[in-house]
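I opened the notebook with a few things to look up: backbone angles, ring pairs, a helix and a pocket. My notes follow.

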Amino acid sequence: MISIFKLRKRLIKSLTIGSPIIAIGLVYFFGFEPLNLFKDLFNEKFFNSISKDATAFIINQAIIIFIINLAIELYRHFGNFAISVKNKDRKDTTYLALGQLQQRKKVDIDVKMDYRNLLIKRIFNSLGGLNLYIHIPHWVTFEIRNKSNFHEDTFDLTNIDFISISLDKGTQARSTSSCLYISAEMWSNATSFVEGDLISEIKPASTRWYCRLAAYILIFLLFEIEESHHNIISTRS
């Protein structure tokens with residue numbers, strides 16, 4: 001999903017740089033003349049003076065460039081989902097000891113959500129909502145310590161490869177900006193040195209393809225998502 005956001009940023013940058021060329025193309029090849037929309041705002045003599053070919057072309061081009069840049073500027077203010085996964089030392093890497101030295105290690109997962117608008121949040125809910133997925137290496141046991149702070153159906157622990165957490169059920173319904181805090185412990189089941197990642201990502205919760213597609217389009221158009229990879233190393237030292 002991160003690569004999609006990079007593509008979007010490149011598209012916005014290209015539109016910003018290419019706005020003069022887009023404006024020339026719309027005026028010259030397609031005859032789009034937004035100046036005519038302002039005809040009733042000016043007296044006839046003044047409008048005729050600025051409607052001459054060369055002047056009108058420049059003014060139409062300037063109006064289109066202004067509209068494009070205004071739309072891009074408004075579009076820059078996205079909603080945001082940010083995931084942070086840190087151990088008790090606030091590090092991005094956790095070492096899990098093997099054998100007799102094995103002990104549980106604490107990890108904190110913080111999710112900051114800003115939908116910007118309650119209507120957008122309700123649209124997401126109508127599409128099945130969003131889930132936080134925590135993908136866990138098969139050789140790690142992962143246990144959530146603060147489940148009692150949430151509704152019973154907030155967590156889905158039935159899959160052996162990941163834990164899913166409903167962002168809708170885990171936060172207040174009418175809040176457009178929320179924080180979700182998950183405290184967990186993990187320990188290694190490995191018998192030798194091994195390394196992996198605790199991968200946290202936000203995805204549509206619905207199993208219906210059209211709801212997932214609509215949610216992905218909404219995310220692409222209006223949101224930034226900062227996903228997280230927390231490195232886990234199982235070692236004797």
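**Entry 1: positive phi**

In which loop does arginine 90 lie? I found arginine 90 in the loop between E1 and strand E2 (93-97). I note that this is a predicted model. Phi of arginine 90 is positive, near 60°, and the residue is not glycine. Most residues other than glycine have a negative phi. I then looked up how accessible arginine 90 is. Its relative accessible area is 46%.

I noted a second case, arginine 116. Its phi is also positive, about 70°, and it is not a glycine. Arginine 116 sits in the loop between E3 and H4.

**Entry 2: ring pairs**

I looked up the aromatic pairs. The structure holds eight of them. I took one, phenylalanine 81 with tyrosine 115. The ring centres are 5.3 Å apart and the planes stand at 85°, so this pair is edge-to-face. The cut-off for that class is over 60 degrees.

Where do the two residues sit? Phenylalanine 81 is in strand E1 (residues 79-87). Tyrosine 115 is in the loop between strand E3 (105-114) and helix H4 (118-126). The pair therefore ties together parts that are 34 residues apart in sequence. I checked burial too: phenylalanine 81 and tyrosine 115 are both buried.

**Entry 3: helix H5**

I turned to H5, residues 209-222. This helix has 14 residues. From its first C-alpha to its last it reaches 20 Å, close to the 20 Å expected at 1.5 Å a residue. Cys211, Ala215, Leu218 and Ile219 are buried in H5. I recalled the background: an α-helix has 3.6 residues a turn, so residues three or four places apart point the same way.

**Entry 4: the largest pocket**

Last, I looked up the largest pocket. It holds about 270 Å³ of space. Its lining has 15 residues, and Ile136, Val140, Phe142, Asn159 and Ile160 lie nearest the centre. Strand E5 (140-144) and strand E7 (162-166) are the elements that give two or more residues to the lining. E5 gives the most, with five residues. I sorted the lining by class: nine nonpolar, three polar and three charged residues.

Notes: Residues are numbered from 1 along each chain as its sequence is written. This is a predicted model: local features need pLDDT of at least 70, side-chain atom pairs count only at pLDDT 80 or more; totals for chains, interfaces and linings use all residues. Side-chain values use heavy atoms; hydrogens and water are left out. Rings of Phe, Tyr and Trp (its six-membered ring) pair if their centres lie within 6.5 Å; planes under 30 degrees apart count as stacked, over 60 as edge-to-face and the rest as tilted. Helices (H or I, at least four residues) and strands (E, at least two) are DSSP runs, numbered from the N terminus. Buried means under 20% relative accessible area, exposed over 50%, partly exposed in between (1.4 Å probe, protein chains only). The expected span of a helix is 1.5 Å times one less than its number of residues. On a 1 Å grid over the protein atoms alone, a cavity is a set of points where a 1.4 Å probe fits but cannot get out, and a pocket is an open set with protein on both sides within 12 Å along at least five of seven lines; lining residues have an atom within 4 Å of a point. Grid points are joined across faces, edges and corners, and a volume is the space filled by probe spheres set on the points. Ala, Val, Leu, Ile, Met, Phe, Trp, Tyr, Cys and Pro count as nonpolar, Asp, Glu, Lys and Arg as charged, and the others, Gly among them, as polar.
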